[in-house]
Amino acid sequence: MLDRKRTPARTRDTRLLPGEAADIALGVGLATAKDHRAVRTLGSLSEVGAWEVLFAVSAATWAVGAARGDARLAATGRHMLGAGLLASLTKTTLKRLVHRTRPNVLMEEKTYARGWLGPNDGPWQSFPSGHAAVSVAVARAVARACPEAGGAVQAGAGLIVVAQVLRGAHYPADVAVGALIGLAAEAAVNRVAGPATDGPRPPAPSR
């Protein structure tokens, strides 16, 4: 049962889905320290997972690879950008179809709403997590092309995902679905475009 102190004062759909009450309670519980300096700092750092940043990094990787004649790096950048774009398109579509108020709205305004369609406004677009979707998609693309960097980039994506819950921006289910979107998007791009692991590297500079 949802704790009375965390029960929404207003809901758009009063019939909670199976597991939704537990998801709400867990999300609010994990976000209790959202205003702590360390969590705020982590939240600020997690903005590297915003689509604008990751699209720019992906495009820059592609451009640098092309300029250097490094086919593998250019293909990696294209793969990163394609996976990120598909993940972003998917999460945006879902945000337009499903509205859900964020944990910080529930905590600060005692308001929770979840249902179909709804306001095209940030506080109402908790589901799914865009940071999780795009960061996981791009990290997985990097890991597939450069296995030696896979552990670091995927750990970084994991921190971005966790930060969204701790800062009260998303419930656990939001980031879980976002991560799944990211994995599926990268897998789809890899299936269509092929892995970015082939292609010659530029020759090493002579000494």
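Predicted model: local features only at pLDDT ≥ 70, side-chain atom pairs only at ≥ 80, totals over all residues.
## Overall layout

Residues are numbered from 1 along each chain as its sequence is written, and side-chain values use heavy atoms, with hydrogens and water left out.

Of the 207 residues of the protein chain, 45% count as buried. Buried means under 20% relative accessible area, exposed means over 50%, and partly exposed lies in between (1.4 Å probe, protein chains only). Among contacts (heavy atoms within 4.5 Å) with a separation of 6 or more, 74% are between residues 24 or more positions apart.

## Nonpolar cores

A nonpolar core is a set of buried Ala, Val, Leu, Ile, Met, Phe, Trp, Tyr and Cys residues joined through side-chain atoms within 4.5 Å. The largest one has 14 residues, and Met-80, Ala-87, Val-134 and Val-138 have the most contacts inside it. Helices α3, α4, α6 and α8 each supply at least two residues of this core. Its largest share, six residues, comes from α6. Apart from it lies another core of six residues, among them Val-161, Val-165, Val-175 and Ala-179.

Not counting residues up to four places away in sequence, Val-134 touches Trp-51, Leu-54, Phe-55, Gly-84, Ala-87 and Ser-88.

Leu-54 is found in helix α3. With a relative accessible area of 12%, Leu-54 is buried. Leaving aside neighbours within four places in sequence, Leu-54 is in contact with Val-48, Gly-49, Val-134, Ser-135 and Val-138. Leu-54 and Ser-135 are 81 residues apart along the chain, yet their C-alpha atoms are separated by 7.3 Å.

Ser-58 also belongs to helix α3 (residues 51–68). Is Ser-58 buried or exposed? Ser-58 is buried, with a relative accessible area of 0%. A polar atom of the Ser-58 side chain lies 2.7 Å from the backbone oxygen of Leu-54. Beyond four places in sequence, Ser-58 touches Gly-77, Met-80, Leu-81 and Val-138.

## Helix α8

Helix α8 has 22 residues, which at 1.5 Å a residue should span 32 Å; its end C-alpha atoms are 32 Å apart, which agrees. The expected span is 1.5 Å times one less than the number of residues.

Buried residues in α8 include Pro-172, Asp-174, Val-175, Gly-178 and Ala-179. What covers the buried residues of this helix includes α1, α4 (71–97), β1, α6 (130–145) and α7. Just after α8, Gly-194 takes a positive phi of about 85 degrees.

## Salt bridges

Side chains of opposite charge can pair when their charged atoms come close. A salt bridge is a side-chain nitrogen of Lys or Arg within 4 Å of a carboxyl oxygen of Asp or Glu. The structure holds nine salt bridges. One of them joins Lys-34 and Glu-108, at 2.6 Å from N to O. This pair links distant parts of the chain, with Lys-34 in the loop between α1 (20–30) and α2 (37–45) and Glu-108 in helix α5, 74 residues apart. Lys-34 counts as buried at 10% relative accessibility, whereas Glu-108 is exposed at 55%. Arg-40 forms a salt bridge with Asp-35, the closest N and O atoms being 3.0 Å apart.

Asp-174 and Arg-100 also meet in a salt bridge (3.0 Å, N to O). Asp-174 is in helix α8 and Arg-100 in strand β1 (residues 98–100), 74 residues apart. Both Asp-174 and Arg-100 are buried. Salt bridges that share partners join Lys-34, Asp-35, Arg-40 and Glu-108 into one network.

## Aromatic pairs

Rings of Phe, Tyr and Trp (its six-membered ring) pair if their centres lie within 6.5 Å; planes under 30 degrees apart count as stacked, over 60 as edge-to-face and the rest as tilted. By this rule there are two aromatic pairs. The rings of Tyr-112 and Tyr-171 have centres 6.0 Å apart and planes at 85 degrees, so this pair is edge-to-face. Tyr-112 lies in the loop between α5 (103–109) and β2 (114–116) and Tyr-171 in the loop between α7 (147–166) and α8 (172–193), so the pair ties together parts 59 residues apart in sequence. Both Tyr-112 and Tyr-171 are buried.

Methods: Helix = DSSP H or I, 4+ residues; strand = E, 2+ residues; numbered from the N terminus. Polar contact = N/O pair within 3.5 Å; in protein donor to acceptor, adjacent residues only side chain to side chain.
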